[in-house]
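Subject: Handover of a structure and notes on it

Dear colleague,

Please find the structure below, handed over for your study. I would ask you to keep it open while you read the notes.

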Amino acid sequence: MGCGNNNNFHGENCVCEVVRAIKDIQDNAVEAVEQECTECTSCFTEPLGSMVSPTRRDPVDTRVFVLSTADGTPFHAFLTEECDACVSIFFRVEDVFDNCCATLRVLVPGHRDNNGQFVPVNLVSGGEKCCIDLKKVCKVDRFRASRDCITVDLSCFCAVQCIADVNLGLCN
């Protein structure tokens, strides 16, 4: 069984199931219940907000995640209206349809400056052969919604990792 192959034991790609679960969790968001001890967080951790630090009280509307291709490379999409960040590997699921397709919102990666302002992070490095700079990815601790969405076939991905629960201030 290879990555992107729909012939697995359940007849469904596990990335499809995880992204579908993230969408359900976002749709059914309720206030986070404080937990004293959590061994491991995963994309299935409920409710939305459970991945947030227990000291944070802001409502959340998004579970940020990344997708990996067959060779382990983070999947990326282009940002069309950002001057300081041209690509992102961070996404929010907007819709899942036709069994294993999804519309994903591309999120602007960023961090806070000394004044608490959002500063976009350019994840690309290199010259003619550009690539995602994983050292820059590690500096990302904030996200902003973009207007860019991408439609993907989830069966083409081998892994999904949830990064954070955040409030992007999106309307339902």
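The notes that follow describe strands, cores, salt bridges and backbone geometry in turn.

This is a predicted model, in which local features need pLDDT of at least 70 and side-chain atom pairs count only at pLDDT 80 or more, while totals for chains, interfaces and linings use all residues. Residues are numbered from 1 along each chain as its sequence is written, and side-chain values use heavy atoms, with hydrogens and water left out.

Helices (H or I, at least four residues) and strands (E, at least two) are DSSP runs, numbered from the N terminus. Strand 5 covers residues 101–112, and nine of its 12 residues are buried. Here buried means under 20% relative accessible area, exposed means over 50%, and partly exposed lies in between (1.4 Å probe, protein chains only).

Which strands pair with strand 5? Two strands are said to pair if DSSP finds at least two bridges between them.

- Strand 4 (residues 91–97) pairs with strand 5 in the antiparallel sense over six bridges; Phe-91 has Val-106 as its bridge partner in strand 5.
- Strand 9 (residues 142–153) is also antiparallel to strand 5, with nine bridges, and Arg-144 in strand 9 is the bridge partner of Val-108.
- Strand 6 (residues 118–120) runs antiparallel to strand 5 and is joined to it by three bridges; Arg-112 stands opposite Phe-118 in strand 6.

Arg-105 is a residue of strand 5. Is Arg-105 buried or exposed? Its relative accessibility is 17%, so Arg-105 counts as buried. Its side chain makes a polar contact with the side chain of Glu-94 at 3.0 Å. A polar contact is a pair of N or O atoms within 3.5 Å; within protein, one must be able to donate a hydrogen and the other to accept it, and residues adjacent in sequence count only if both atoms are side-chain atoms. Leaving aside neighbours within four places in sequence, the residues in contact with Arg-105 (heavy atoms within 4.5 Å) include Phe-91, Arg-92, Ser-146, Asp-148 and Leu-170.

**The nonpolar cores**

A nonpolar core is a set of buried Ala, Val, Leu, Ile, Met, Phe, Trp, Tyr and Cys residues joined through side-chain atoms within 4.5 Å. The largest one has 26 residues, of which Val-19, Phe-65, Leu-67, Leu-104 and Leu-154 touch the most other members. At least two residues of this core come from each of helix 1 (14–27), strand 1 (62–68), strand 4, strand 5 and strand 10 (159–166). Helix 1 gives the largest share, five residues. There is also a second, separate core of 16 residues, which includes Val-87, Phe-90, Leu-107 and Val-140.

Apart from neighbours within four places in sequence, Leu-67 is in contact with residues including Val-15, Phe-75, Leu-104 and Val-160.

**Salt bridges**

How many salt bridges does a search of the whole structure find? It finds seven, a salt bridge being a side-chain nitrogen of Lys or Arg within 4 Å of a carboxyl oxygen of Asp or Glu.

In one of them, Asp-27 is joined to Lys-23, with the closest N and O atoms 3.1 Å apart. Because these two residues are four apart in helix 1, about one helical turn separates them.

Arg-63 and Asp-165 form another salt bridge, at 2.7 Å from N to O. Arg-63 lies in strand 1 and Asp-165 in strand 10, so the pair ties together parts that are 102 residues apart in sequence. Both Arg-63 and Asp-165 are buried.

Arg-92, Glu-94 and Arg-105 are linked in a network of salt bridges.

**Backbone geometry**

Most residues other than glycine have a negative phi, and most peptide bonds are trans. A cis peptide bond joins Glu-46 and Pro-47, with omega about -5 degrees, and Pro-47 lies in the loop between helix 1 and strand 1.

Asp-98, in the loop between strand 4 and strand 5, has a positive phi near 45 degrees. With 65% relative accessibility, Asp-98 counts as exposed. Asn-99 is found in the loop between strand 4 and strand 5, and its phi is positive at about 75 degrees although it is not a glycine. At 48% relative accessibility, Asn-99 counts as partly exposed.

Yours sincerely
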